[in-house]
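Here is a walk through the charged side-chain pairs of one model. Keep the structure open while you read.

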Amino acid sequence: DFEADVFDESFQPMGAKVLFVIFMVVVGVVALNALIALLGDSYAHVQEQRVEQTLRLYASCIVEYFNSMGPIIRRAQERKLAWTHALEVVSDESEEAHDGWVGQLSAIKREMNAVRSSVLGEVHKVDDKLSEKVQAVADKLNTVSRTIEAAFADIERKRRAEAAERERREKEKAKEEEARIRQLEDSMASAITNVRAEIMSMPGTEDERDLTGFEDELGEAQAPRSANETGAGEAGPSDLSRA
């Protein structure tokens, strides 16, 4: 309750009346929207549980019906209905095929389930493609690794073969040097023998003494060569030339 004369006492009577009317209209619209939202939410909640609520009403009606019977008729009905059949919902195709309005929550859930199924399907497809690509990359990496290992093994085999060939050539070269040195020693020994024979054929003891000193010097020159065969292969010709 209010008095309209109060607006005339304000600084702007017309403005106060306009603001009052606008305020009352806005408050009414907001209150009506709140009421509609509340009723819609209640209706959506009831529609979401409509199957459970329907079964509950059926059960309450059956209980009320049995309570209204006499004890004899009720026991007879209980003996007759001692065995019951329970049905289990396998799929909700009937609910999906229902054209009627089942509430906002049910519609939102149905849409979310459809989107979830679609997204899961796409995710599985992408996962399968990624798995195939990863497997292909792994196969390529394994092939490259085997190729690299084979190349390294081939290089190592060639290196060992070259080392063996180089060692064989060095041994052959050493044998050839040793044979050549022995040939030079034999030729020098034969030459010394011939010189000795010629000297011995000449008369005089002084020549024999000189020959003995020459043989001693030759023995001293050949002693280091016989002690070390490797050193003989490298220093034999120079020692023989000095001798």
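**Salt bridges along a helix**

Glu156 is partly exposed, at 29% relative accessible area. Here buried means under 20% relative accessible area, exposed over 50%, and partly exposed in between (1.4 Å probe, protein chains only). The model is predicted: local features need pLDDT of at least 70, side-chain atom pairs count only at pLDDT 80 or more, and totals for chains, interfaces and linings use all residues. Residues are numbered from 1 along each chain as its sequence is written, and side-chain values use heavy atoms, with hydrogens and water left out.

Glu156 has a partner. It forms a salt bridge with Arg159, with the closest N and O atoms 2.4 Å apart. A salt bridge is a side-chain nitrogen of Lys or Arg within 4 Å of a carboxyl oxygen of Asp or Glu. Both residues sit in helix α6 (residues 104–201), 3 residues apart, so about one helical turn separates them. Helices (H or I, at least four residues) and strands (E, at least two) are DSSP runs, numbered from the N terminus. Arg159 is partly exposed too, at 48%.

Follow helix α6 to Glu178 and Arg182, 4 residues apart, about one turn of the helix. Their side chains meet in a salt bridge at 2.5 Å, N to O. Glu178 is partly exposed at 29% relative accessibility, and Arg182 is partly exposed at 47%. Elsewhere, salt bridges with shared partners join Glu165, Arg168, Arg169 and Glu172 into one network.

Arg169 is exposed, at 55%, while Glu165 is partly exposed, at 29%. The whole structure holds 10 salt bridges.
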